[in-house]
Amino acid sequence: VKSRSRTCFLCGLAAGTFQAGLFNPFDRALYLSVRDRVPFLSLANFSHPYQGFLQSIGGRAISGGLYFPLEHLFRSITPPNSGALANFAAGTGAGALNAI
């Protein structure tokens, strides 16, 4: 059980790191478009797409690192073979608690 929790946490960290790398250019462009009041797809918004990456990776990796263990925890308290509704509830619970 301890090994499984560690694996879930490491998978979450990997997922968070991947998400940060994938979405950082778009997150930055959205931030700059709002800050500078320019269109989102303006080339100026994408000139330094990975500036601020370390801050982004920290938040996303921690968030992703917590989601999977929380989902596993919620899933472990549902009855076995309880179907799609239990999976939905476990994912929703993990996401809600992760948001806090």
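Biologist: Is R37 buried or exposed?
Modeller: In this predicted model, R37 is exposed, with a relative accessible area of 77%.

Biologist: Where is R37 placed?
Modeller: R37 sits in the loop between helix 1 and helix 2.

Biologist: What about its backbone, what is the phi of R37?
Modeller: The phi of R37 is positive, about 55°, although R37 is not a glycine. Most residues other than glycine have a negative phi.

Biologist: Moving back into helix 1, is S33 buried or exposed?
Modeller: S33 belongs to helix 1. S33 counts as buried because its relative accessibility is 9%, and the cut-off for buried is under 20%.

Biologist: What is S33 in contact with, leaving aside its neighbours within four places in sequence?
Modeller: With those neighbours set aside, S33 touches V38, P39, F40 and N45.

Biologist: Now the helix pair. How do helix 1 and helix 2 cross?
Modeller: Their axes come within 6 Å and cross at roughly 140°. The crossing of helix 1 past helix 2 is right-handed. By class, the residues in this contact are twelve nonpolar, ten polar and three charged.

Biologist: Why give both an angle and a distance?
Modeller: Two packed helices are described by the angle between their axes and the distance between the axes.

Biologist: Which residues of helix 2 are buried?
Modeller: In helix 2, the buried residues are S56, I57, A61, G64, G65 and L70.

Biologist: What covers them?
Modeller: The cover over the buried residues of helix 2 includes helix 1, residues 2-36, and helix 3.

Biologist: What span should helix 2 have, going by its residues?
Modeller: Helix 2 has 24 residues, and at 1.5 Å a residue they should span 34 Å. The end C-alpha atoms of helix 2 are 35 Å apart, which agrees.

Biologist: On to helix 3. How do the axes of helix 2 and helix 3 meet?
Modeller: The axes of helix 2, residues 53-76, and helix 3, residues 84-99, come within 8 Å and cross at roughly 140°. Helix 2 and helix 3 are therefore oblique to each other; angles over 145 degrees would count as roughly antiparallel. The crossing of helix 2 and helix 3 is right-handed.

Biologist: Which residues make that contact?
Modeller: Helix 2 contributes S63, L66, Y67, L70, E71, F74 and R75. From helix 3, the residues include A86, A90, G91, A94 and L97. The classes in this contact are eight nonpolar, six polar and two charged.

Biologist: One more, L73. Where is L73, and how far is L73 from A90?
Modeller: L73 is in helix 2. L73 and A90 are 17 residues apart in sequence, and their C-alpha atoms are 8.1 Å apart in space. L73 counts as partly exposed, at 46% relative accessibility.

Terms used: Residues are numbered from 1 along each chain as its sequence is written. This is a predicted model: local features need pLDDT of at least 70, side-chain atom pairs count only at pLDDT 80 or more; totals for chains, interfaces and linings use all residues. Side-chain values use heavy atoms; hydrogens and water are left out. Axes are lines fitted to C-alpha atoms, for helices over the stretch in contact, and angles run from 0 to 180 degrees between N-to-C directions. Helices (H or I, at least four residues) and strands (E, at least two) are DSSP runs, numbered from the N terminus. Angles under 35 degrees count as roughly parallel, over 145 as roughly antiparallel, 65 to 115 as roughly perpendicular and the rest as oblique. A crossing is left-handed if the near helix is turned anticlockwise from the far one by less than a right angle, and right-handed if clockwise. Contact means heavy atoms within 4.5 Å. Ala, Val, Leu, Ile, Met, Phe, Trp, Tyr, Cys and Pro count as nonpolar, Asp, Glu, Lys and Arg as charged, and the others, Gly among them, as polar. The expected span of a helix is 1.5 Å times one less than its number of residues. Buried means under 20% relative accessible area, exposed over 50%, partly exposed in between (1.4 Å probe, protein chains only).
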